[in-house]
Amino acid sequence: MDGLTNPEPLSINALLLNLLLSIALSAIVAWYYARFGEALSNRRKFARLLPMLSLTTVLVISVVKASLALSLGLVGALSIVRFRTAIKDPEELLYLFLAIAIGLGLGADQRIPTLVAVGILMLLLVATRFFAPRSKRRNLYLNIQVPESEDEKTTSFQTMNAILGRHVELVDMRRLDRRNHTLQMTYLLDCKDQDVLASLMDDLKSA
């Protein structure tokens, strides 16, 4: 019962060391993502959030690990949290989990295993980038932004898809955003040649 009512005091020196290591590791991860990531979103803006995520996780785990009551309270608090922003790219999810894993490992005072694991993961990312076979397909990312009204949301969306389908074999929607009464759509296309692309652009301009 003592662990429920009287949690062990938190070591400030250990916390500071864990926070410093978290900053170093997450900064490396953030730099690699901003420099070599392939996500379509603003990678630099997203990368700046990764160290903060790791530091927050370190603090939370450090505070609750010594007290069962705080741990149970954390579970109850997290059960009512709802995140409305969806992760739209699997690569973003990968780096989010990596940043959280850094915070979890260091928050639990598992410094050496965390350093080794992050080092292996970074080596794997580098090896995958430089040694994985590259696709010979010529793919193109196309970003379309069109105005919309409340009565034309579906019409604009369907019109763009129909135009793209007439010109290219592969139409893979990667992102769809609505902001300030505009639709922003990002597609991955497979165009055979420049003539097809020119014809597609002409049809989009006249739509």
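1. Residues are numbered from 1 along each chain as its sequence is written, and side-chain values rest on heavy atoms, with hydrogens and water left out. As the model is predicted, local features need pLDDT of at least 70 and side-chain atom pairs count only at pLDDT 80 or more, while totals for chains, interfaces and linings use all residues.

2. The structure holds four aromatic pairs, where rings of Phe, Tyr and Trp (its six-membered ring) pair if their centres lie within 6.5 Å, with planes under 30 degrees apart counted as stacked, over 60 as edge-to-face and the rest as tilted. One of them is the tilted pair of Tyr-33 and Tyr-95, at 4.7 Å centre to centre and with 50° between the planes. Because Tyr-33 lies in helix H2 (residues 12-36) and Tyr-95 in helix H6 (residues 90-107), this pair ties together parts that are 62 residues apart in sequence; helices here are DSSP runs (H or I, at least four residues), numbered from the N terminus.

3. Tyr-33 is buried at a relative accessible area of 0%, and Tyr-95 is also buried, at 2%, where buried means under 20% relative accessible area (1.4 Å probe, protein chains only).

4. Trp-31, Tyr-32 and Phe-36 form one aromatic cluster. Arg-129 lies over the face of Phe-130, 5.8 Å from the ring centre, the criterion being CZ of Arg within 6 Å of the ring centre and within 35 degrees of the ring normal.

5. Ser-22, placed in helix H2, is buried with a relative accessible area of 0%. Leaving aside residues up to four places away in sequence, Ser-22 touches residues including Ser-54, Leu-55, Val-58, Ile-102 and Leu-106, contact meaning heavy atoms within 4.5 Å.

Key: Helices (H or I, at least four residues) and strands (E, at least two) are DSSP runs, numbered from the N terminus. Buried means under 20% relative accessible area, exposed over 50%, partly exposed in between (1.4 Å probe, protein chains only).
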